[in-house]
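Here is a quick walk through a few local spots in this model. Have the structure open and turn along as you read.

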Amino acid sequence: MPLEFSDADQCRHLKFGPKGAFDGKRLKNHVIRIIQVMVQEFCQTMCYMESSCVSINLEKQVGRNGKYKCELNNVTHEGYEGDWVEEKNFFHHASESACVENPCKNNATCQSGFTDEGYRCLCPTGFMGTRCETVSSCKEAYEKNITRASGEITLLLDSKPVPIFCHMENFECGDGGWTPVMKIDGNKKTFEFDSTYWEDKKVFQPEGGKTGFNSKETKLPTYWSTPFSKICLGMRIDRKLRFVIINKTADSLYSMIADRKYRNTSLGRDTWRSLVGPSASLQLNCNKEGFNADAYDDPKYKIDFSKARIGIIGKVDSESYPGVTLTENLKWSQHVSSISGKASKVLGLVKRNFWNCPRPVKGFSDADRCRHLEFGPEGIFDGKRLKNHVKTIVRVMVQEFCENMYEMEPNCVSINLEKQVSGNRKYKINVNRIMSHTKDTKSEKPVYLIKWRVSSCKEAYEKNITRANGEITLLLDSKRIPIFGHMENFECGDGGWTPVMKINGNKTTFDFNSTYWEDEKAFQPEGGKNGFDSKETKLPTYWSTSFSKISLGMEIDRKLRFIVIIKTADSLYSLIADRKRRALFVLLLLCSSTVTRRD
């Protein structure tokens, strides 16, 4: 009757039968542990408890210490007859091992007695499945049921193991196993249309293939070695990731692009526009889409400005400008004057490029950073004009383009817009250097002002910017950070509570010795926008926001409970990172798992 021991949440079933018992035999060179036991039978028990043990050598005579010598082996004598020797003082007993003909692949370790198969495989990093099988795509891993969860897996590409982050779950493109190929940062020139990376079989920063949907650029061997029937194409705009699916069958993406031949797709204007978002615009003449779309090769397009390795391009003449492209070579610095004359046709494109700040537009950004200025209703004053602070005067064809000129002038913070068109059929704009309108204002033309900038939810509450729960953008470390502001009462009172951290007690991310407590690095900042859910996060507010109270919450059996800690500090980081003990005054005595802070 075999004994059972729990090992790594799996029971073990080893049987030492009479067929495996050999008196006067000893297996050498495979001992993984030597133990002294008081009772001979306990040697078998120790083998059960050692997950790699499948046979024992037991010395028959008791030693001077009154104990028997027990040697645990990681193989049986089968297949190792050369190491199986005669020793009359020893007794060898082998279990019924399922690992004799090692079913595990890719140098995995086979351990006998586990699972319904009678064994389990300890896979090297990246390999998965019952036998640590080799697969060449994430779809194959999904279909073979090796894993159904997104995460790192090793693919065999060009006869080499390549670790890759496989997207197994649904992320707008459906589940079923998506294999990453490339990630492109639009602020860099790495993958411009004429880059050699489109036409060679060389990897670029392969470590970026293990990090999911972030901005780490990469080109993987899957670019030239993985066949497909669908492509999932994603674009991040204003921190929002959107996807479209291209139905196309090919031996590889390389085979579709490297030869520079144009190959059409049929997604349509609306689908391409959806990559940018609901506010995107695309001219009526923007209809050429596909792989290697190049305006120069089409007689309808007169100037060689617009190109896309994958995307849609537009007519570049007196009528319109390029629309959505994966990579594009439009020289904004050469065409600003003509853009202002075509405001009605390119307004959406100009706004889109400034909000996402591709490299050509950086000449118009302030201190090499994109401007994020908003025209809110609280800043609009009809019949008002700010005088004595005009930086530039511009005339535009369309009133709405006044806001675009505002973004393009680094020193501009407000505008005066003349409501009536002048004799040249254009509107007059005053671009102002200052924002305040408490002085130098007269009842003439309207002035537009930007919204308040706040660094905590309490500040937003007290300035009456909002009194409702919801996403709000804070200015932290000179960067705009969107977070979920808790403005209403949730057992801790209203007044504006700023989120700092959310911790999932089932994970080890924020264990006591985790470096996240002692560094100034954010973790999954998108979790800060979701309110009270289980998405772990650590926000810049951990080290940058001062407070006088801390609201600490814990969810138990789907019930969320809170306590309030009365403590004033420059930041939560200042109280924790140095590991010094500090006394607290707590209003209610409960335990914690979710952290929200109030200034």
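Predicted model: local features only at pLDDT ≥ 70, side-chain atom pairs only at ≥ 80, totals over all residues.

Let's begin in a loop: His 77 sits between β6 (68-73) and β7.

His 93 belongs to β7, where it is the bridge partner of Ala 21. That pair is part of the link between β3 and strand β7 (residues 84-94), which pair in the antiparallel sense over six bridges.

Now zoom out to the sheet around them. Its five strands come in the order β3-β7-β5-β6-β4, forming an open sheet with antiparallel pairing. At the edges you find β3 (21-27) and β4 (31-37), each of which pairs on one side only. On average, neighbouring strands of this sheet are turned by 40 degrees against each other, direction ignored. As a reminder, strands of a sheet pair through backbone hydrogen bonds, either parallel or antiparallel.

Met 38, Val 39 and Phe 42 make a nonpolar patch of about 300 Å². Phe 42 also has its place in helix α1 (residues 42-49). Its relative accessible area is 38%, so Phe 42 is partly exposed.

Thr 218 counts as buried because its relative accessibility is 1%. What does its side chain reach at 2.8 Å? The backbone oxygen of Gln 205.

| Residue | Relative accessibility | Class |
|---|---|---|
| Phe 42 | 38% | partly exposed |
| Thr 218 | 1% | buried |

Last stop, a hairpin. Strand β30 (residues 547-556) and strand β31 (residues 559-569) run antiparallel and are joined by nine bridges. Within this pairing, Gly 553 has Phe 562 in β31 as its bridge partner. And what sits between the two strands of the hairpin? Two residues, and in this hairpin Asp 557 takes a positive phi near 50 degrees.

How values were computed
Residues numbered from 1 in each chain as written. Heavy atoms only, no water. Patch = residues over 30% accessible without salt bridge, like charges linked within 9 Å, V, L, I, M, F, W, Y side chains within 5 Å. Areas by Shrake-Rupley, 256 points an atom, 1.4 Å probe, with all protein chains shown as cover. Salt bridge = Lys/Arg side-chain N within 4 Å of Asp/Glu carboxyl O. Helix = DSSP H or I, 4+ residues; strand = E, 2+ residues; numbered from the N terminus. Buried < 20%, exposed > 50% of the residue type's maximum accessible area, 1.4 Å probe, protein only. Pairing = 2+ DSSP bridges. Axes fitted to C-alpha atoms, helices over the stretch in contact; angles between N-to-C directions. Polar contact = N/O pair within 3.5 Å; in protein donor to acceptor, adjacent residues only side chain to side chain.
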